[in-house]
Structure formats: structure tokens, C-alpha cells
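Here are some questions to work through with the model open. Take them one at a time.

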Amino acid sequence: MNPVVIRTITRVLVPFIQLFGLYIIVHGPVSPGGGFQGGVVVGSSIILVALAYGLDDAEAMVNHRIRIIMDCVGSLVYAGIGLLGIAAGGLFLQYGIIPLPFPPARINNLMIFLIGSAIGVHIMALVLSLFLHTAKEAEVDD
Amino acid sequence: MIDLLPPNLPYFASIALLLIGLYAMISKRNLIKKIMGLNIFSTSVLLFLIAMGYREGGAPPIEAEGVTHYVNPLPHALVLTGIVVALALTSFALILIINIYKEHKTLDSEKLKNL
Amino acid sequence: MNLSLHYPILVIVILFAGAYLTLLLGLLNKKICYYLAVLFSFVSALFSIGLLLLVLENNTISYYVGGWEPPYGIELTVDPLSAFMSLIVAIIGFLVAVFSKNYIEHEIPLEKHPAYYSLLQLIIGGMQGALMTGDLFNLFVMTEIFSISGYALVAIAQKKGSLLASFRYLLLASIGTTFILFSTGFIYMLTGSLNMEDISNLLPLIDNPWVMYSGLVLLIIGFAIKSALFPLHTWLPDAHSIAPSPVSVLLSALVIKIGAYSIIRVVYTVFGERLSGGFEIIGVPLSWMASMAILVGSLYAIFQTDIKRMLAYSSIAHVGYILLGVSLASTLSLTGGIFHMLNHALGKACLFFCAGAVIYKTGKRNISDYAGLSSKMPITMAAFTIAASSLMGIPPASGFMSKFYLGLGAYQENWFFLAVILIGSLFGGIYFFRVLATAYFSSEKALYVDTKGPELPLSMLIPIVILAIASLTFGILEDVPVTLIEQAVELLLTK
Amino acid sequence: MRRINTILVLLVLSAIGFVMSLAVINMPEFGDINAPIHMHVAPRYMQMSYEETGVPNMVTAILADYRGYDTLGELTVIFAGGVAVLSVSGRKRK
């Protein structure tokens, strides 16, 4: 079958899927959604690339190294925000106490947003990793 | 018509899913089918939890003007965690299966048992 | 900033952050991962020691994560039992990290070292989290963390059959975790709360026995799968014997204990008040299953030819001892059961380390290949002897004391359980003596051992020696752990 | 042999199904507004979360703030899953 149709559609769709995913991540605090859901959507856009263009092209877009860095940095940001609470004299994951020039509810809001983004970064890399590794594992079969 | 159904129907549905999944996990011979069974099985819990949080006529749990009657938000948070756990398990199980197939050239659990 | 306030969370989070960092820095340098894992598990062990000292003063410590008071947020509760278990996990986890260096270089290709050390910290952190949590749903999450890391660690060496063993483990254990989540849902539905303390206060007011008891039974089945109690043990022998030896130590000495610990938590802390007086509903079936586990596990162990498989079956039997103590629910038996957790953890860890050392040195894992090994690897075999005598229950080593307490508790209840313990110990004597006799008294010489250089690298020798000495010390100074355990038991039983 | 196995499996499953159905029958009715689950902890989330966390979406408020530690655990679970996949993939190629 001629892949031109699929590839063209993919090329058109991918930016929109990613935009939608980012929208879900960013709007997590006010509407249904959040880091997990948005991260999966963004990750799946690259999976679409992998399906249409082949694994190597997807790997070239987001390679193994970058994926691991995104994974670890996302998780570390979460744990780090938690530890910030301790450093500021409060408890682990206590956001309101972090010394920023806003009222506590505002700081909470900001931190929840940051955490959502961290989760989003983590999950988008992870979903991609899970897919690409599994797919590559199945491909090397001779 | 809907009144004829038992009141706790969603819970019964989740129990039915649990049994179907458990049956597939135990008695299907193909490893992929076992994992499908595992997925059905863990989905049954998610259905159960989400059904638990429903309140008759409740609004979605997002703060809105003039609404005071929401569904229970806590089970939603639990279900999200459950989904993520099931995702992690499934992906790991699938890659194990791929490697098992490469090693033994079969996915039949009866044949694998004799190795 | 008073850091001692934060010990409970730091013990856990340090390990998680260490796991993330290990994978990240593993991109730059794969050799550094070992040192990172040792460093983070050591820091976590320090916090764990500090935590135990704090608990000795204050009895119970609560930590409100995020500053939300208990029924609304997640609470970490550290009572003497969890502090005690946490110390065991931290110390043995640290020793496993130390031991891993040469063994893992030997068995796992270099590009997987970051993954291995990351998983190592995750599994220890997950266990610590499960020990400290005071929240039912959080217990599920932490259980899942250490379970998934456990499946991966079994498969990581990719030897023949390890993938299949890991898959079987995954399949059965995930039934267990799903049951745990289901029953968490049941209990949440009844009480509207997920906090253990809160649930235990609310449960006596609730008159809905079907939902409550099915929730309890599902919870116990779930954790019984995790701790490989007798009819649900089928995943254990493969997984524990095929895994690399440091991983066998983690799984056999620690992971199955967390299952047993969770059963204690659920039965005594969460349901303690509701069940008081009617404990037999759970206790009687559990005690019979535990007795069967002792007999069947010991019997199977006798007929094994592979040393690690023999040790794995022995673990099934010892989980039986622990849960027998738990299910009889008297002060003596519970003390014995919890004390036996310590002794089995020390003893089994030492034995698996020794088996791993022999595999590392000679590549042999059949019991018949141990012939004449005592002259070639004297320190290893001496440690093996001490640990084995501890598990058999021979006096100077610590296992005797815990079996003594267990026996007293069992005798109070029913002579049958005492007979089970004695027969189990006899079988234990048989299967360990077989190994020792081959190693010490066989006329064959172990010609295949390379005698040049030291017996073992220091990173392997030190954990073995530490564990053997600890086994002996707690046998002679049994007061030290027993006072702590009695404090813990009193707190559990007064519910 | 296979037949006996099937019968055994069906027996175990029907036992589980029977016990759980009994439990389900005794549960509070589906959608009941006044079930205990909605009375004890949840009202605080429904009424106070916007003031306390500044986030209108209650699920996000619970996920990231009230029970943020669970979410850290959840993140760690999937991280463990990712590392697990890494650890098994890329096995020695022949």
C-alpha cells in the first residue's frame, strides 16, 4: 500500500495532537486533564510518527538519551518540589510554605501547575520509551 | 425498563469483568491472552472504583458557579493511579512475552511448562 | 530546620531520588552507578537508624505529608514494629548494594548496570514506603512499586528461564495487587476513609459484615500471595532461585516479609478493634495454612539438588513460621513471629550471599558440588554454618530464641502447632545438614576452585561476615530486639 | 486431566463470584447520595478545595496536593515500569 496518504496526514496531524496534549497538561488545574493524560497524548503523537515513518525516524526525533533525561528530570522536579517544602521549614510536599511573593493559595496553584508539567514531561518520554523499546524488541527477529 | 435491573448493576458488572479476567488468566494457554485477561481483571477494579464515586445527579468535580452537588472526586484520583499501574504492568509483561517468544519460539504455556 | 522531624519521609524519598539520579547519571558513566546506589542506600539506612532511636523515645511518630491532617491527606505512621522492620530492610538493602559490585559485573552486561542499581533503590524504597505508610491506598501504591521492581530484577540477568520465572511471578502477584486494590475499595466504600487509624476507629460502628469480611479476606489473600503463603507459593521457587543472588536476597529476605508485615498491619491495626474477641475467623484458617506451609516447604526443600532452590523452598517454610506466630495472636507467639522475621532475614540473606559467593567463585550451584568446599572457602562456609544453624534453631544462633518463643506460644494454643514447629525444624536440620555434611566431611576435593588470590573480594566478604556475626549476636543478646518487639506487640494487641 | 483442571478453575471462580456478589448485594445502593463514602472525607474536598489549593479541578487538587505523595508513588511506579522495560530490552543480539 502506498504510505503517502498516511504520511501526509501524519505530518499534518502531529503538531495538532501535540498542541492538544500541551493544552491538556496546561489546563489540568481548571478542566479535566492533567499531566498524565496530556503526557500520554503528546507521547502518542510521536508513536504515530513511528507507525507512519518507521521506528528510526521516531527514534531520531526523540532519541534514547533525551527520553531518559526527560524521564529523570521530570521525576526529580517532582521530588525536588517536595523537598523544597522541607527546605522552607514545612513538611514534604507542603507547597503553601515555599517563600514566594504570592498568597499561599496562589503558590499552591503554581506548584500544582509545575508538578503537572513535570509529570507531563515524564510521561510523554516514558510512553514513548515503552512503545519504542517494545516495538524494537519485536522487530529484531531473525 | 431500567428500573427492572438490580440497583447495584455497575458493581455486578465489575464482578463479572473480574471473573472473566481471572478465568482468562488461569485457563487460557496463550501468554498474550493471559495478559489480556490481566488487563480485563485490573479494569474491573477501575470500573468498581469509579462507580463507587457516583452520586445521583452529581456534577463533574470541577468547581463551578452555583453548583454544590458534585460526584465524589476521590475515586477519580484513585482510578488514575490504578490506570498508570496497569499501564506499567502491561508494558513490562508484553516485553517479557516478546523475549520469551524469542527464547522458546512458543507462547503456549503448556509447552513452556515442560521446559 | 529540624531534620529529625522528617526522618520517615526522607528514608523513602532519598531512595526514590537516588533511583532517578542513578539512571540519569548512568548516561554519563556506567561505573558510577554502583557507588551512587551504595551512597543513597547508606544515607537512607542512617535515617532509618535515627528513626528507630526516635521511636524508642516517642513510641509512635506521625508525619503528615503535605501538611494535610490525616483523613484528608496521607499520613506516615511509624510505630516500633515499622521502625524495626525498616531498619532490617535498610541494613540488608545496604549490604545487598555493597555485595552487588563484583557479582553483578560478572552476571549482567555493563549497559544494564544503571537499570539494575536504579531498580535496586526502587525496590528498597518501595518496601520502606510500604512499611511506614498509614494509608491503605498508599500501601497499594508502594506494594506495586516494589513488586514491579521485583519482577524486573528477576528477569534482568536474562539467563535461561528467568524471563519465564519473572512472567509467572508477575501474573500471580498482579492478581494479588488487584485484590488488594479491590478490597481497599470495599473498605473505602464502608467507611469513606482511607486512613488506617481512622478506619480502625470507624469499623466497629459499621454493621455490614459481608462487605467488611470479604474486604478483609481479599486483602489477606492479596498479601498472602506477596508473602508466598502455602497454596499461593507457586511463583516463589522459580523466581527466587533464578534471580541473581543479590536479588534473591532482597526477594527472599525482605519482600516476602513485607507481605507478612502488611498482614499484621491489616489484621491488627486496621481491623484490630473490630475483630477483638472474634479473631478466630481469620486466625484459624491462617494458622492451618501456615502449618501446611511449614511442612510442605521443608519437605520440598529436602529433595532439591540446587542450593538456591532449596533455600527458596526453605523460605516458604519460614514464612509459615512467621505467619503461624501472627495468626495465633498471643503475646508470645506474636513476639516469636516478629523476632523470626529478623532472624530469617539475617539468616536467609547470609545463606543466599554465601550461595552467590560460591556461584561467583566456582560457577557451581548443585549441592553435590559443595564437596570439600570448606577448605577452599573457609570463611564463606563458616558463615553458611552459622546462618544455617540459626534457621535450624540450634542454640547459640538467634533462630533458636525466636523458635522458642513461637513454640511457647503454639503450645499455649494447641499441641499440634508445637509438633508442626518441631517437625519443621527437624526437616530444616535435615536439608541444611546435607549441605554442611557435603561441604565439611566429604572426602572429595573441590579441585575446580581457583585458590590464587583472596577467598572473595572484600565487597562480598564483608556483608557475609556482618550477617553471620549479627545472627550470633542476636542469639546471645536476644534482649535487645525482644524488648523492642515486646513494645511493638503490646501496641498491636492493645487495640 | 484438563477437564478436572477446568472444573477446578470454575469452582474457584464461582466461589469468588458468589462471595463477592453477596458483598455487592449488601453494599450501599449505586448513586446513593448519602452513602458513607460521600459523608466522611469527600465533603471537604468538594467544599474547601478551591479555597485551600486554589485549583478548581478537585481531582487535580486531590492528585497533586491532598494526596500528592500518592502521585509521587504513582510516578515512581511508572518509572519502575520504564526501567523494567529498559532492563529486559536490548538483549544480546546474535
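The questions below concern a predicted model.

Q: Which element gives the most to the side of chain C that touches chain B?
A: Here 20 residues of chain C are in contact with 23 residues of chain B. Two elements of chain C give two or more residues to that side: α5 (136–155) and α6 (162–191). With 13 residues, the element that gives the most is α6(C).

Q: How do the residues of the side of chain C that touches chain B divide?
A: That side belongs to a contact of 20 residues of chain C with 23 of chain B. Its residues divide into 15 nonpolar, 4 polar and 1 charged.

Q: Is α1(C) roughly parallel or roughly antiparallel to α2(C)?
A: Take helix α1 (residues 7–25) and helix α2 (residues 32–58) of chain C, whose axes come within 9 Å. These axes cross at roughly 175 degrees. Angles over 145 degrees count as roughly antiparallel. Therefore α1(C) and α2(C) are roughly antiparallel.

Q: Which element gives the most to the side of chain B that touches chain D?
A: In this pairing, 37 residues of chain B are in contact with 39 residues of chain D. The elements of chain B giving two or more residues are α1 (9–27), α2 (31–52) and α3 (74–104). The one that gives the most, with 14 residues, is α3(B).

Q: What distance separates the centres of domain 1 and domain 2 of chain D?
A: The domain assignment of chain D gives domain 1 as 1–38 and domain 2 as 41–89. Taken over C-alpha atoms, their centres are separated by 30 Å.

Terms used
Residues are numbered from 1 along each chain as its sequence is written. Chains are lettered from A and ligands numbered from 1 in the order in which they are written. This is a predicted model: local features need pLDDT of at least 70, side-chain atom pairs count only at pLDDT 80 or more; totals for chains, interfaces and linings use all residues. Domain bounds come from an automatic or database domain assignment. Two residues are in contact if their C-beta atoms, placed from the backbone, lie within 7 Å. Helices (H or I, at least four residues) and strands (E, at least two) are DSSP runs, numbered from the N terminus. Ala, Val, Leu, Ile, Met, Phe, Trp, Tyr, Cys and Pro count as nonpolar, Asp, Glu, Lys and Arg as charged, and the others, Gly among them, as polar. Axes are lines fitted to C-alpha atoms, for helices over the stretch in contact, and angles run from 0 to 180 degrees between N-to-C directions. Angles under 35 degrees count as roughly parallel, over 145 as roughly antiparallel, 65 to 115 as roughly perpendicular and the rest as oblique.
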